[in-house]
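Subject: Structure handover

Hello,

Here is the structure you are taking over. The notes on what was found in it follow below.

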Amino acid sequence: MIYKSMDSSNYPKFTALFIVILCIELICGSIESLQTLHYFTKPAILISLIIFFYIESRNVSKSLKWLVLAALAFSLVGDVFLMFVDQSPNYFMLGLISFFLAHLFYCWIFFTQKNSKTNPIGLIIVLTIFAFGLFYLLKENLGDLLIPVIFYIIIILTMVITAFLRKKRVSKKSFIYVFLGAILFVISDSILALNKFYMPLKFSSISIMLTYGLAQFYIVTGLLKEQ
């Protein structure tokens, strides 16, 4: 047993608060006149999740607790770096490294909860086809980021696979939440990559942050719901 319980009274309250924060960020991030507020609302998404997880993880083993907090912290750092990509391309690389480390911690966490009897071959085939298709669209415009992006694609797909390996080792609700969060993370990063390296996409700022915010929310919620 990893997580003994989550305070059911706090969960709906935080969910409502999180939805409000996410909606405000979607508005501020897509309206140019509100861009200044965007520098506060975007970090608020991860800050709220970090605080919520820290409060609700009283019964979590110290090692796993700090692994989750590390994943969230690196995600927060990545968010901050990506807010400044217009000022220098180096910030995109720093953001990429930060999220690579966040996914590495998530992989570590999920792998410790793996079910050795779960067969991921079907999922691996689907993800491999998806990865090659995405890479085919991006490769011409990656330039110096070619190798870093390849490694990033590998780590995020590994994160999805390790999330899948939790099946039947953890509660059904925990598995669904975490696996859904992992899939949404891939969708968010794919939209971001296509928008940056392939062609501009309509409403990309909204779709990227909506899927990203929900991804982190579902992963944290799923981990806390594990009984």
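In the residue classes used here, Ala, Val, Leu, Ile, Met, Phe, Trp, Tyr, Cys and Pro count as nonpolar, Asp, Glu, Lys and Arg as charged, and the others, Gly among them, as polar. By these classes, the lining of the second largest pocket has ten nonpolar, two polar and no charged residues. A pocket is an open set of points on a 1 Å grid over the protein atoms alone, where a 1.4 Å probe fits, with protein on both sides within 12 Å along at least five of seven lines; lining residues have an atom within 4 Å of a point.

The model is predicted: local features need pLDDT of at least 70, side-chain atom pairs count only at pLDDT 80 or more, and totals for chains, interfaces and linings use all residues. Residues are numbered from 1 along each chain as its sequence is written, and side-chain values use heavy atoms, with hydrogens and water left out.

The second largest pocket holds about 240 Å³ of space. Among the residues lining this pocket are I124, F132, F135, I150 and I161.

The largest pocket holds about 770 Å³. It is lined by 29 residues, and H38, K42, L82, V85 and S205 are the closest to its centre. The lining divides into 14 nonpolar, nine polar and six charged residues.

There is one salt bridge in the structure (a side-chain nitrogen of Lys or Arg within 4 Å of a carboxyl oxygen of Asp or Glu). K139 and E140 form this salt bridge, with their closest N and O atoms 2.8 Å apart.

Regards

Key:
Points joined across faces, edges and corners; volume = space filled by probe spheres on them.
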